[in-house]
Amino acid sequence: MKHRTLIRWHVWLGWLIGVPIVLWTASGLLMVAQPIETVRGNHLRGAQPALDPIMPVVPVLEGRKAQNLTLQQNAQGPHWVITYADGGKRRADAATGKLLPAIAATDASALAIAARSDDSAIKSVQRFAADQAPLDLRRDRPSWQVIFEDDARFYIDADTGELLAVRTQFWRAFDFMWGLHIMDLQTREDTSHPILIGSAAIALLGSILGFIMLFTRSARNRRKTD
């Protein structure tokens, strides 16, 4: 293939892939700008409280089949987290085995404050159903979204009181850039789809042509000097 033909193909491929390459580079740069521990908000998470010494009582299941029982501790004390075979979850008092009510807004606020490693005032508290979970939660669980003054979002499981996720401002910027990087702004989880694969293939082809042109240009220059 002649050098001039390679140039034309290289230019046309450059027009096709130029914008995706800029997006990949810019999004990749932002994603490595902070350590992943900072992105995940680990610096905002307080230490997990030690489990109180207690003789736990097996929780009441009320006829539902349990898949898993986990003894946990949070600011409200030791409790069972029951994972049912049908997918639901519930908490129970570790001392009595009695089932506890769902988490209220005041409970969620107290649990979020206790889960933080520093002091920050709460700006808003909002409950979300499992099928209406915010995009940044990435969990199909009923939850309380507790937003602090620094815009950090702590998600508390509405059934069990567990801390589901911590989302900082930078995490949300990181998540948006990740969506650009994999070209999936809707779910930000699909890393194998035709647009991404096609764009990557064109970028690879353009790079290979550019590499070949280094040799064809050298050969062309040698012919001119002979």
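User: Is valine 11 buried, partly exposed or exposed?
Analyst: This is a predicted model, in which local features need pLDDT of at least 70, side-chain atom pairs count only at pLDDT 80 or more, and totals for chains, interfaces and linings use all residues. Residues are numbered from 1 along each chain as its sequence is written, and side-chain values use heavy atoms, with hydrogens and water left out. Buried means under 20% relative accessible area and exposed means over 50%, with partly exposed in between (1.4 Å probe, protein chains only). Because its relative accessibility is 42%, valine 11 counts as partly exposed.

User: In which helix is valine 11 placed?
Analyst: Helices (H or I, at least four residues) and strands (E, at least two) are DSSP runs, numbered from the N terminus. Valine 11 has its place in the run covering residues 3-31, which is helix H1.

User: What is the phi of arginine 138, which lies in the loop between strand S4 and strand S5?
Analyst: Most residues other than glycine have a negative phi. Arginine 138, in the loop that runs between strand S4 (122-128) and strand S5 (143-148), has a relative accessible area of 27% and is therefore partly exposed. Although arginine 138 is not a glycine, its phi is positive, at about 60°.

User: Is arginine 188 buried or exposed?
Analyst: Arginine 188 sits in the loop between helix H4 (169-181) and helix H5 (194-225), and there it has a positive phi of about 60° although it is not a glycine. Its relative accessibility is 14%, so arginine 188 counts as buried.
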